[in-house]
Amino acid sequence: MCLGIPGQVVGMVAGYGDQLALVDVAGEHRKVNIGMLPEERFAPGDWVIIHMGFVVEKTDAAGAATALAGLELMGRGRPDGEVP
């Protein structure tokens, strides 16, 4: 299992062999490589899961929300810095 960050496609980046998309990740635009999914077509509004700068999955808004909820859950520490 890998950690994946959800993002929403803003558009495609010209050149680069048609393998880069501009994706909104938490309000910041990032260039990500879509080359690992050559059978997929990407358009503005599509949701994707990103790992290490590569799109590893195309998803929907519900899938993106689930991925984000999982990341938020993992980021929570124990109350008051409690150590088990």
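Here are some notes on this structure for someone meeting it for the first time.

1. Ground rules. This is a predicted model, so local features need pLDDT of at least 70 and side-chain atom pairs count only at pLDDT 80 or more, while totals for chains, interfaces and linings use all residues. Residues are numbered from 1 along each chain as its sequence is written, and side-chain values use heavy atoms, with hydrogens and water left out.

2. Overall layout. The protein has 1 helix and 5 strands, and read along the sequence they follow the pattern β-β-β-β-β-α. Helices (H or I, at least four residues) and strands (E, at least two) are DSSP runs, numbered from the N terminus.

3. Burial and surface. Of the 84 residues, 26% count as buried. Buried means under 20% relative accessible area, exposed means over 50%, and partly exposed is in between (1.4 Å probe, protein chains only). The accessible surface of the protein is about 5800 Å², and 58% of it belongs to carbon and sulfur atoms. Accessible areas come from the Shrake-Rupley method with a 1.4 Å probe; for residues, only the protein chains shown count as cover.

4. Contacts along the chain. Take the contacts in the protein with a separation of 6 or more: residues 24 or more positions apart account for 32% of them. Contact here means heavy atoms within 4.5 Å.

5. The loop between S1 and S2. Have a look at Tyr-16, which lies in the loop between strand S1 (5-12) and strand S2 (20-25). Tyr-16 has a positive phi of about 55° although it is not a glycine, and its relative accessible area of 56% makes it exposed. Asp-18 lies in the loop between S1 and S2, and its phi is positive too, about 55°, although Asp-18 is not a glycine. Asp-18 is exposed, with a relative accessible area of 62%.

6. Met-12 and its neighbours. Met-12 is found in strand S1 and counts as partly exposed at 40% relative accessibility. Leaving aside neighbours within four places in sequence, Met-12 is in contact with Asp-18, Leu-20, Ala-21, Ile-34 and Phe-42. Met-12 and Ile-34 are 22 residues apart in sequence, with their C-alpha atoms 9.8 Å apart in space.

7. Gly-27. This glycine sits in the loop between S2 and strand S3 (28-33), where it counts as exposed at 60% relative accessibility. From Gly-27 to Gly-7 there are 20 residues in sequence and 9.2 Å in space, C-alpha to C-alpha.

8. Asn-33. You'll find Asn-33 in strand S3. A polar atom of the Asn-33 side chain lies 2.6 Å from the backbone nitrogen of Gly-35. Beyond neighbours within four places in sequence, Asn-33 is in contact with Gln-19, Leu-20, Gly-53, Phe-54 and Val-55.

9. S4 and strand S5 (residues 54-59) pair in the antiparallel sense over 5 bridges; two strands pair if DSSP finds at least two bridges between them. Ile-50 stands opposite Val-55 in S5. The hairpin has 2 residues between the strands, and Met-52 takes a positive phi near 55° there.

10. A nonpolar patch. Met-36, Met-52, Phe-54 and Val-56 make a nonpolar surface patch of about 400 Å². Patches are made of residues with over 30% relative accessible area and no salt bridge: like charges are joined within 9 Å, nonpolar side chains (Val, Leu, Ile, Met, Phe, Trp, Tyr) within 5 Å. Met-36 lies in the loop between S3 and strand S4 (47-51).

11. Salt bridges. A salt bridge is a side-chain nitrogen of Lys or Arg within 4 Å of a carboxyl oxygen of Asp or Glu, and by this rule the count comes to 3. One of them joins Glu-28 and Arg-30, with the closest N and O atoms 3.4 Å apart. Glu-28 is partly exposed at 46% relative accessible area, and Arg-30 is partly exposed at 42%.

12. Lys-58 and Glu-40 meet through their side chains in a salt bridge (3.8 Å, N to O). That pair links distant parts of the chain, 18 residues apart: Lys-58 is in strand S5 and Glu-40 in the loop between S3 and S4. Lys-58 is partly exposed at 28% relative accessible area, and Glu-40 is partly exposed at 29%. The side chains of Lys-58 and Asp-46 also meet in a salt bridge (3.4 Å, N to O). Asp-46 lies in the loop between S3 and S4 and Lys-58 in strand S5, so this pair ties together parts 12 residues apart in sequence. Salt bridges that share partners join Glu-40, Asp-46 and Lys-58 into one network.

Terms used: A polar contact is a pair of N or O atoms within 3.5 Å; within protein, one must be able to donate a hydrogen and the other to accept it, and residues adjacent in sequence count only if both atoms are side-chain atoms.
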